[in-house]
Amino acid sequence: MMLLLCACSGENGAAARFAQWRAGVENAQFTAEAALSDGDYAAGYELSCDYTPDGCSVEILAPEIIAGVTASRSAAGAEIEYDGLILSLGSAGGVSPMNAMPMLADAVRGGHVINCWEEDGGVTAVQLSGVDDIVVHLWLDGEMTPVRADIEYDGEAAVKLAITEWRLE
């Protein structure tokens, strides 16, 4: 009896496209709608992220009551800028809307590719490992522009991002 094993060219093609795209990610600016669900608590935000290898900043664009709150991270540490506001940072493994975007960018730049495949419509889907039991699921359109991401902790989606704008420099 002869058994033939072969790899799926679609998966290999998706992985190659992702690897080529990923090599060009150095600095990124992106905007996303973030949804946090933690038990009985649910919240939605619109956020903007400016990411470089040396650090990043995330600004809340909506809801209006907390628009302008900014969190920044660098080698020197992290800080949140606000005007008398207290912002819930979530509890699902430390994943929150404020740090989900940097977690996504970190995983894109250096996370291990767990799985990569092509879905209908030319969408490339990638599953990346993050730090401390974080897994990032990323979907890129046919032009390799990120359109959606789920940040997962301990097997559960902690924050869902609908990426509305993505720019590389």
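Reader: What makes strand β7 count as largely enclosed by the rest of the structure?

Author: In this predicted model, strand β7 covers residues 123–129, and five of its seven residues are buried, so the strand is largely enclosed by the rest of the structure. A residue is called buried when its relative accessible area is under 20%.

Reader: How do you know that β7 is paired with β6?

Author: Two strands pair if there are at least two bridges between them, and six bridges join β6, residues 113–119, to β7, so the two count as paired, and they run antiparallel. Valine 113, for instance, stands opposite leucine 128 in β7. The two strands form a hairpin with three residues between them, and glycine 121 in the turn has a positive phi of about 80°.

Reader: What joins β7 to β8?

Author: Six bridges join β7 to strand β8, residues 134–140, and these strands run antiparallel. Threonine 124 stands opposite leucine 140 in β8, and the hairpin that β7 and β8 form has four residues between them, with a positive phi of about 55° at aspartate 132 in the turn.

Reader: Why is methionine 144 called buried?

Author: Methionine 144 has a relative accessibility of 11%, and the cut-off for buried is under 20%, so this residue counts as buried. Methionine 144 is found in the loop between β8 and β9, and its phi is near 60°, a positive value in a residue other than glycine.

Reader: Which residues have the most contacts inside the largest nonpolar core?

Author: This core has 43 residues, and those with the most contacts inside it are Phe18, Trp21, Leu104, Leu138, Val159 and Leu161. Helix α2, residues 97–110, gives the most to this core, with seven residues. Helix α2 also gives the most to the lining of the largest pocket, with six residues.

Definitions and conventions
Residues are numbered from 1 along each chain as its sequence is written. This is a predicted model: local features need pLDDT of at least 70, side-chain atom pairs count only at pLDDT 80 or more; totals for chains, interfaces and linings use all residues. Side-chain values use heavy atoms; hydrogens and water are left out. Buried means under 20% relative accessible area, exposed over 50%, partly exposed in between (1.4 Å probe, protein chains only). A nonpolar core is a set of buried Ala, Val, Leu, Ile, Met, Phe, Trp, Tyr and Cys residues joined through side-chain atoms within 4.5 Å.
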